[in-house]
Amino acid sequence: MDIPVAETLARWRAAGVACALARVVATGGSAPLAPGTAMAVSATGEVVGGVSGGCVDAAVYTLCEQVIADGHPALARFGPDGDELPDHLLDVGPTCGGSLEVFVEPLAPAPPPGPAHPVDRLLAAAREGHAVVAATVLDGPCAGQWMVAGGDGGTGVDDDEAPPWAGGPVAAAIAEGRGTGVIFADPAAAPAAAPAADSAADGAALPARAFLHRLDPPRLLVFGATAFAEALVPMGAQLGYRVTVCDARPVFAAAERFPAAAEVVRRWPHQYLAGTRVDASTAICVLTHDPRFDIPLLVEALRTRAGYIGAMGSRRTHTQRMTDLRAEGVPEAGLQRVHSPIGLDLGARTAAETALSIAAELVAHRRGGTGAPLVGMDAAIHR
């Protein structure tokens, strides 16, 4: 679930509007979108997001309407093995031949100061750049129950707040840092003295499956408050990055220029980078295009574990930049980490086109793509 969907849910609920949240929890074959992808529908008919790229979104929309009306969560399978669907949805499935399982749950309206929902905690954590994990029960008597861990930089399960089903395999998966996906909960892991509040009267077993949804937004650090940055920042935010813009020049580093950025920092780039969190999921884009900024910044960037480091400039500029970095003592292995000229070859001429080429390279680097046209390729589209 991305931030725009969570923000829309929060807005609807604050306005007193009931809504439904649909999430892809499992996929098979050539499914178009990954687990965790979300779509939200309001009781007034508004929709945001999507779960399939279009091929089954209409059916999920109808299912959301049903869930809003009856207040009960629903689990639906679309594709070759979707025989558990209602009759009017049996012929609906991804046209690509894949399959997906979608969990739809109701969210009650909550006008201020109404009760918070776990989605609100996910949104707050994402805005602050903290890792957070949500486990949601998919089936059994506890279907629809949530448990959220982390949100303040940690991901541990609070035993005082966690429901019984959150122990055992669920807690272990969170502690291990397992990614988004379905996990199997062990009914025997729950303490006998603390059964789930809504367990069946006949002692039905605790839920067999839970959906682990991990949100740890990667960082995109954009150095240089330029026209290229203005175009790149909203693209980065749409790709799920928590974007920071940094520039030492106050007149350019204005927050109003970058509404999609999580923060705009007025500071010398290398000084800011030396004091901020950088890990393997972090992408650094050096758009300053000025040796006064570029060289000390790249020296500092190459000391970090950043997964991607790109720098703007012509091939001539890049050659001189490499010479300057060698003079600063940067080893050859470090120089090989710098993507420059930054971006893929799209024939870009405008700032927006250049930003698109940079964003495309970020995706290719993050997902292991080649950047080559899909036409004529034999590789799977959805790896």
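**Core, pocket and strands**

Reply: The largest nonpolar core has 23 residues, and Phe223, Leu273, Ile284, Ile309 and Leu325 touch the most other members. A nonpolar core here is a set of buried Ala, Val, Leu, Ile, Met, Phe, Trp, Tyr and Cys residues joined through side-chain atoms within 4.5 Å. This is a predicted model: local features need pLDDT of at least 70, side-chain atom pairs count only at pLDDT 80 or more, and totals for chains, interfaces and linings use all residues. Residues are numbered from 1 along each chain as its sequence is written, and side-chain values use heavy atoms, leaving out hydrogens and water.

Me: Which helices and strands each supply at least two residues of this core?

Reply: Strands E10 (219–223), E13 (283–286) and E14 (308–311), plus helices H6 (269–274), H7 (291–301) and H8 (315–327). H7 gives the most, with five residues. Helices (H or I, at least four residues) and strands (E, at least two) are DSSP runs, numbered from the N terminus.

Me: What does Phe223 touch?

Reply: Leaving aside residues up to four places away in sequence, its contacts (heavy atoms within 4.5 Å) include Cys246, Tyr272, Leu273, Ile284 and Leu297. There is also a second, separate core of 22 residues, with Leu220, Tyr308, Ile358 and Leu362 among them.

Me: Which lining residues lie nearest its centre?

Reply: Gly313, Pro341, Ile342, Thr354 and Ser357, out of 16 lining residues.

Me: Is Thr354 buried or exposed?

Reply: Thr354 is buried, because its relative accessibility is 14%; buried means under 20% relative accessible area, exposed over 50%, partly exposed in between (1.4 Å probe, protein chains only). Thr354 sits in helix H10 (residues 351–367). Beyond four places in sequence, Thr354 touches Phe228, Met312 and Ala348.

Me: And Ala333, buried or exposed?

Reply: Exposed, at 60% relative accessible area. Ala333 belongs to helix H9 (residues 332–335).

Me: Last one. Which residues are on the covered face of strand E4?

Reply: Ala74, Ala76 and Phe78 are on the covered face of E4 (residues 74–78), while Leu75 and Arg77 are on the uncovered one.

Methods: 1 Å grid on protein atoms, 1.4 Å probe; cavity = no way out; pocket = protein on both sides within 12 Å on 5 of 7 lines; lining within 4 Å.
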